[in-house]
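The entries follow the order in which I looked things up.

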Amino acid sequence: MIRGPEMNITILDDYQDVVRTLACFSKLAGHRVTVWNDHTDDGEVLAERLKETEALILIRERTPIRAPLIERLPKLRIVSQRSVYPHIDVDALTRNGVILSSDLGPGQPSYATAELTWGLVLAALRHIPREVAALKAGRWQSTIGSGLAGRTLGIYGYGRIGAVVAGYGRAFGMDVQVWGRQSSLARAAADGHRAAADREAFFSQSDVLTLHMRLVAATAGIVTGTDLALMKPTALIVNTSRAGLIEPGALAAALKAGRPGMAAVDVYEQEPVLGANHPLLALDNAVCTPHLGFVERGAYEKQFSGAFDQILAYLAGRPINVVNPGALEAARR
């Protein structure tokens, strides 16, 4: 285990070049820190960039870290990040004696994601992006929007973020209905929200329907083309969770068919989306943002402060939030 005063630390995918401006960045004072602002999945490029790296800090799931890359990084000792890690080959890290530290503990919901969800609801229903563009182009009032009070908000997945979004809906005077696992429905009922009568009613009655689930094997493609076809032609579906929750190709097809009438999405199957290369970007009834859900200064301070603390704990000989304790034994051999 490295215990020296300096460490080669690399941070990937800092698109906005913001990490060095965070207050918590001072925690890395005295270390050699390299920050990359672009994105690449090219193994050769990554291997060259990371060849001297001892500690690697990831921003969520932006860059996959798989066995072929890990095996080319003999100096790597710790990968530090926050949240889930489907993009990381944990077994390969363990075989190579590399610790994965990732804070998975319960805490506050991601208010940043919940706030963006509500921003997308308002932007889509009031046609805000289109009206801004029209005004800048010299036109005045080119659309007619829809309000929220008295309409039905459907929350699919009543976890920490879903609960916050439901509260926003109530504040806007909406009738909130929930669908999901029995445990989710029970939590929603305890908070004063009603469960939909059944799945068909949930999709057919919601004026705004928003998804708040993790993407795991059980939830992949959980929203199907058949579900979407049940929605009103005036309805809006919002996805700030994961693109894979919706059956591949189903959302674009549904929007072209007119049920639902609108979508607002922040997540895509392959990210980043460059060159406007995604079918939803060609549709007038889709409001699309580039995965901004967690991209907010307060959320970044919390995320990176935790990632930096994990590295400092490792250097102190007391690693925390270790996902693969077997790596500690492999490193000693």
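How many aromatic pairs does a search of the whole structure find? I note before answering that this is a predicted model. The search returned 9 aromatic pairs.

**Entry: ring pairs**

I took Phe-25 and Phe-308 to begin with. Their ring centres are 6.2 Å apart and the planes stand at 70°, so I logged the pair as edge-to-face; the cut-off for that label is over 60 degrees. Phe-25 sits in the loop between β1 (8-11) and β2 (32-35), while Phe-308 belongs to helix α11 (residues 297-315), so this pair ties together parts that are 283 residues apart in sequence.

I then looked up Trp-118 and Phe-172. This aromatic pair is tilted, with 5.3 Å from centre to centre and 50° between the planes. Trp-118 lies in helix α4 (residues 111-125) and Phe-172 in the loop between α6 (160-171) and β7 (175-179); the two are 54 residues apart, and the pair links distant parts of the chain. For Trp-118 I noted 5% relative accessibility, which counts as buried. Phe-172, at 37%, counts as partly exposed.

Which residues do ring pairs link into a cluster with Phe-25? I listed Phe-294, Tyr-300, Phe-304 and Phe-308 alongside Phe-25.

**Entry: charges over rings**

I found Arg-49 over the face of Trp-36, 3.8 Å from the ring centre. Arg-60 lies over the face of Phe-294, and here the distance to the ring centre is 4.9 Å. Phe-294 had already come up as a member of the ring cluster.

**Entry: salt bridges**

How many salt bridges does the structure hold? I recorded 13.

Glu-48 and Lys-51 form one of them, with the closest N and O atoms 2.9 Å apart. Both partners count as partly exposed, Glu-48 at 48% and Lys-51 at 39%.

Arg-242 and Glu-61 meet through their side chains at 2.8 Å, N to O. Arg-242 is in the loop between β10 (236-239) and α10 (250-257), and Glu-61 is in the loop between β3 (55-57) and α2 (67-70), so the bridge ties together parts that are 181 residues apart in sequence. Glu-61 is partly exposed, with a relative accessible area of 24%.

I also checked Glu-71 with Arg-95, where the closest N and O atoms are 3.7 Å apart. Glu-71 lies in the loop between α2 and β4 (78-82) and Arg-95 in helix α3 (residues 90-95), 24 residues apart. Both residues are exposed. Elsewhere, salt bridges with shared partners join Arg-60, Glu-61 and Arg-242 into one network.

In what order do the strands of the open sheet run? I wrote down β8-β7-β6-β9-β10-β11-β12, which is 7 strands with parallel pairing. The edges are β8 (194-195) and β12 (286-288); each has a single partner strand, so one side of each is left without a neighbour in the sheet.

Strand β6 (residues 152-156) pairs with strand β9 (residues 208-211) over 4 bridges, in the parallel sense. Leu-153 has Val-208 in β9 as its bridge partner. Last, I looked at α10, which packs on the sheet and touches β10, β11 (262-265) and β12. The direction of α10 makes about 150° with that of β11.

Terms used
Residues are numbered from 1 along each chain as its sequence is written. This is a predicted model: local features need pLDDT of at least 70, side-chain atom pairs count only at pLDDT 80 or more; totals for chains, interfaces and linings use all residues. Side-chain values use heavy atoms; hydrogens and water are left out. Rings of Phe, Tyr and Trp (its six-membered ring) pair if their centres lie within 6.5 Å; planes under 30 degrees apart count as stacked, over 60 as edge-to-face and the rest as tilted. Buried means under 20% relative accessible area, exposed over 50%, partly exposed in between (1.4 Å probe, protein chains only). A charge sits over a ring if NZ of Lys or CZ of Arg is within 6 Å of the ring centre and within 35 degrees of the ring normal. A salt bridge is a side-chain nitrogen of Lys or Arg within 4 Å of a carboxyl oxygen of Asp or Glu. Two strands pair if DSSP finds at least two bridges between them. Contact means heavy atoms within 4.5 Å. Axes are lines fitted to C-alpha atoms, for helices over the stretch in contact, and angles run from 0 to 180 degrees between N-to-C directions.
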